[in-house]
Structures are given as structure tokens and as C-alpha cells.
Amino acid sequence: MPDPSTESLTVAVTGASGALGQALLRRFHDRGAELIALCHGRAPLQLAGPDGQLIPLRQVQWQVGEEAALEPLLTQVDVLVINHGINVHGDCSAEATGCSLEVNALSAWRLLELFAVVAGRRVGRRRAEVWVNTSEAEIQPAVSPLYEISKRLLGQLLSLRAPALAPTLRLRRLVLGPFRSALNPVGVMGADWVAGEILRQAGWNCSLIIVTPNPLTYVLMPLATLGRWAYVGLLQRP
């Protein structure tokens, strides 16, 4: 995409109250974007810039399973960052399975499809973008079986639907290694640094954005993405 600092964007971020969500909002603010923070909780989200001043943003509460209610809001959005998630760690119960699949994969997929419909109605505006945080857990162990399964499902769904959605949406896949957050307090990377790397690679016009200390991911993820693209392209039918 063009450098976000060169044009006014409206950016919506799910999981906005988390460490990475807040870091992305700050980074987008630095580039002049108008911000929409999509949060599950009711607690007010207040972000301060380096100067200590509060960052202007619009906070919107939403719930997994109620993605359709966001349709009017999404008509205002240029870049949708799908970043929400849950990590149940070692819990493998039926309840944890359903929750992980719903939050990490199916909710993100519904938002992706909804935004594609909304973006298809845009007239005279720049092409809409969706940035999907699938995580390094797509291809690497995350010491959390359900997190890995749900994130891999999300990655597979993104690969499956990408050919059909690409004419309407610019899709970017965010493959991130362990960063410090409430879900992973022992992450080796800082969320703010990760957010900066994400926007830097987006400025390079990358569709596959990888930020991780694991060198294997930089080799395996492009191969996995290319393999899925070829497989889906070979077997898909009109």
C-alpha cells in the first residue's frame, strides 16, 4: 500500500485493547490515520502518544458472533486489521475447543467475508485492505494445541478465499512470533517494535508480513503459502 503517512486512512483494529492492538493504533496515529478501536470489553480505552497527549480514537464494542452488526461501521473503514484472539494454553476441553475455533478462526473469517461485501460497494475510494494476524502458530509449535489448530485453520481459510477476494480486497497476512502480551507474558519481542515492523513491511508493499526471531519461519511460511495457493488454484471450480 502507499505509505500511510501520505494519505488519510480510517483504520479499524480488532483486539484493540491488547498489547499489539494498542501498539498498532499508536503507530497508525503517528501516520495520520483516523482510528477505530474494536473491543470486546466495556472499559474505556485511553492511549497516550509520546508527548503524553491522549490519542483521538473511536471505541466500538462488539462481540464474537455478532460480526454482521459491524457492517454500517465497516463502510467507513479503509484498512481493517483482524487481530483479536484467545489462548487457552493447555485446556483441551470441548468448551475450550469451541471457544478457540470461534474466536481465533471463524469470527475472523466472518469479518473477512463481511468486509469484502462492504468493500465491493465502494465507489471512488482507494482499494480496501484487510490485515489478518494468523500468527507464527500457523506453521510452528506455540505450546498451546488449540491455539495452533485454530490459527492454522484461519490461515487455511485465508488461503482458500484469497483468490476470490483479491479483486475486491488487498489482503495482508501477519505472521508474528512471540511478543509480550497478556496472552504471552514471556514473549521475546516488544509489541511496539512488532507493530513498527508490520507497518514498515506494509510500506514496502508486502502481502506476507513476517516478524519473528525464528529464521525458519522466513523460509517455511512463504513455501507454505505458495503451496496452498497452488493447491487451491489447481482444484477450485467456478
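Leucine 158 is buried, with a relative accessible area of 5% (buried means under 20%, exposed over 50%, and partly exposed in between, using a 1.4 Å probe and protein chains only). This is a predicted model, where local features need pLDDT of at least 70, side-chain atom pairs count only at pLDDT 80 or more, and totals for chains, interfaces and linings use all residues. Residues are numbered from 1 along each chain as its sequence is written, and side-chain values use heavy atoms, with hydrogens and water left out.

Leucine 158 sits in helix α4, residues 145–165 (helices are DSSP runs of H or I with at least four residues, strands are E runs of at least two, and both are numbered from the N terminus). Setting aside neighbours within four places in sequence, leucine 158 is in contact with Leu112, Val132, Thr134, Leu171 and Arg173 (contact means heavy atoms within 4.5 Å).

Now for the charged pairs. The whole structure holds 13 salt bridges (a side-chain nitrogen of Lys or Arg within 4 Å of a carboxyl oxygen of Asp or Glu). Here are some of them:

| Pair | Closest N to O |
|---|---|
| Arginine 27 and aspartate 192 | 3.0 Å |
| Arginine 110 and glutamate 67 | 2.9 Å |

Arginine 172 is in strand β6 and glutamate 129 in strand β5 (residues 128–133), 43 residues apart. Arginine 172 is buried at 0% relative accessibility, and glutamate 129 is buried at 2%.
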